[in-house]
Amino acid sequence: MQTPHEVVVVRYGHRPGRDDRMTTHVGLTARALGADRVIVPDNAGQSVETVQDITDRFGGPFEIEQSDSLRALVENWDGNVAHLTMYGLPVQEVEGEVRTALEDEPLMVVVGGEKVPFEIYEYADWNVGVTNQPHSEVAGLAVFLDRLFEGRELEQEWVDAENRVIPQSTGKKVVGGDAEGEERNPDA
Ligand SMILES: C[S@@+](CC[C@H](N)C(=O)[O-])C[C@H]1O[C@@H](n2cnc3c(N)ncnc32)[C@H](O)[C@@H]1O
C-alpha cells in the first residue's frame with residue numbers, strides 16, 4: 001500500500017508445529033491489511049512457503065523474509081518500533097502519534113508468540129494494547145493495521161496476481177489476474 005515509509009511486521013518467536021498456522025496467519029494478515037513486508041524467525045520455513053505462494057497467486061507487492069536474530073533485527077532497525085502487547089497503551093490513544101511518525105520514518109510492528117523478552121518492551125517506541133485483554137497476535141495485528149491506515153488498506157490494488165476474486169453477494173467467482181481472464185474453479 002502507498003505509505004510515506006515502509007511498514008514491516010516482525011513475528012517475534014515461533015514454536016515449530018504449535019505455531020505453524022499462527023505464524024502463517026500473521027504473514028497473511030500483514031499482507032492483506034497493508035504492510036509491505038513480514039519477517040519471521042528462521043525456524044518458520046513452512047510459513048514462508050505458504051505466504052509466498054499466496055502472494056504469487058493473489059498478488060503483491062509483499063515480501064516475506066527470515067531472520068536468525070530477531071532481537072538484533074529490532075534493535076538495529078532504522079525507524080520506529082511498535083510492539084503489540086496486552087500490557088501496552090490503548091491503540092486508540094497512540095494510533096495518531098504512530099501514524100504521524102510514519103510520515104518521517106519507517107515502522108516496525110512486533111507481534112509475539114511465546115514470551116517476548118522485556119528488552120523489547122524497553123526498546124519499543126510504543127507498547128500498544130488492542131484492548132488490555134489477552135487474545136491473539138493475528139487479531140491484534142489486524143486491528144492495529146486497520147487503525148494505522150484508517151481503513152485505506154481495504155481499497156488497495158494488487159499487482160501481478162494470477163487470481164482475482166470478483167466479489168459476489170452469493171457464491172464464488174475467481175478470474176485471471178487482469179480480471180478479463182477465464183473464470184477459475186475457486187475450489188481448485
Ligand atoms: C498469545 S499472546 C502471548 C501473551 C503472553 N502472555 C505475553 O507475553 O504477552 C501472543 C501475542 O499476541 C499479541 N497480543 C495478545 N493480546 C494482545 C492485546 N490485547 N493487544 C495487543 N497484542 C496482543 C502480542 O503481540 C503477544 O505477544
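Before the close-ups, one working term: two residues count as in contact if their C-beta atoms, placed from the backbone, lie within 7 Å. Everything shown here comes from a predicted model.

**View 1. What helix α6 packs against.** The buried residues of α6 sit against quite a list of partners: β1, α1, β4, α4 (91-102), β5 and β6. Those buried residues are Glu137, Gly140, Leu141, Phe144, Leu145, Leu148 and Phe149. They take up an arc of only 140° around the axis, which puts them on the same side of α6. As for its length, α6 has 13 residues and covers 18 Å from first C-alpha to last, close to the 18 Å expected at 1.5 Å a residue.

**View 2. The open sheet, strand by strand.** Six strands line up as β3-β2-β1-β5-β4-β6, with parallel pairing, and the sheet is open. At the edges are β3 (63-67) and β6 (126-129), each of which pairs on one side only.

**View 3. Strand β1 and its two partners.** On one side, β1 (residues 7-12) runs parallel to β5 (residues 107-112), and six bridges join the two. Look for Val9 opposite Val109 of β5, and for Val8 with its bridge partner Met108, also in β5. Then there is β2, parallel to β1 and joined to it by three bridges. Here Val10 faces Ile39 of β2.

**View 4. Is β1 covered on one face or both?** Both: Val7, Val9 and Arg11 are buried on one side, and Val8, Val10 and Tyr12 are buried on the other. That makes six of the six residues of β1 buried, so the strand is largely enclosed by the rest of the structure.

**View 5. Helices laid on the sheet.** Helix α1 (residues 20-32) lies across β1, β2 (37-41), β3 and β5, and its direction is at about 170° to that of β2. Helix α6 (residues 137-149) also packs on the sheet, where it touches β1, β4 (80-90), β5 and β6. Against β5, the direction of α6 makes an angle of about 155°.

**View 6. Inside the largest nonpolar core.** This core has 41 residues, and the ones with the most contacts inside it are Val9, Val10, Val109 and Val110. Which residues does Val110 touch, leaving out those up to four places away in sequence? The set is Val10, Tyr12, Val74, Val81, His83, Leu84, Ile120 and Ala124.

View 7. Start with the buried residues of α4: Val91, Val94, Glu95, Val98 and Leu102. Seen down the helix axis, they fall within an arc of 125°, so they line one face of α4. Over on the other side, Glu93, Gly96 and Thr100 are exposed. The buried residues of α4 pack against β4, β5, β6 and α6. The length of α4 works out too: its 12 residues should span 16 Å at 1.5 Å a residue, and the end C-alpha atoms are 15 Å apart, which agrees.

How values were computed
Residues are numbered from 1 along each chain as its sequence is written. This is a predicted model: local features need pLDDT of at least 70, side-chain atom pairs count only at pLDDT 80 or more; totals for chains, interfaces and linings use all residues. Two strands pair if DSSP finds at least two bridges between them. Helices (H or I, at least four residues) and strands (E, at least two) are DSSP runs, numbered from the N terminus. Axes are lines fitted to C-alpha atoms, for helices over the stretch in contact, and angles run from 0 to 180 degrees between N-to-C directions. The expected span of a helix is 1.5 Å times one less than its number of residues. A residue is buried if 20 or more other C-beta atoms lie within 10 Å of its own, exposed if 12 or fewer, and partly exposed in between; C-beta atoms are placed from the backbone. The arc is that of the directions from the helix axis to the C-beta atoms. A nonpolar core is a set of buried Ala, Val, Leu, Ile, Met, Phe, Trp, Tyr and Cys residues joined through C-beta atoms within 7 Å.
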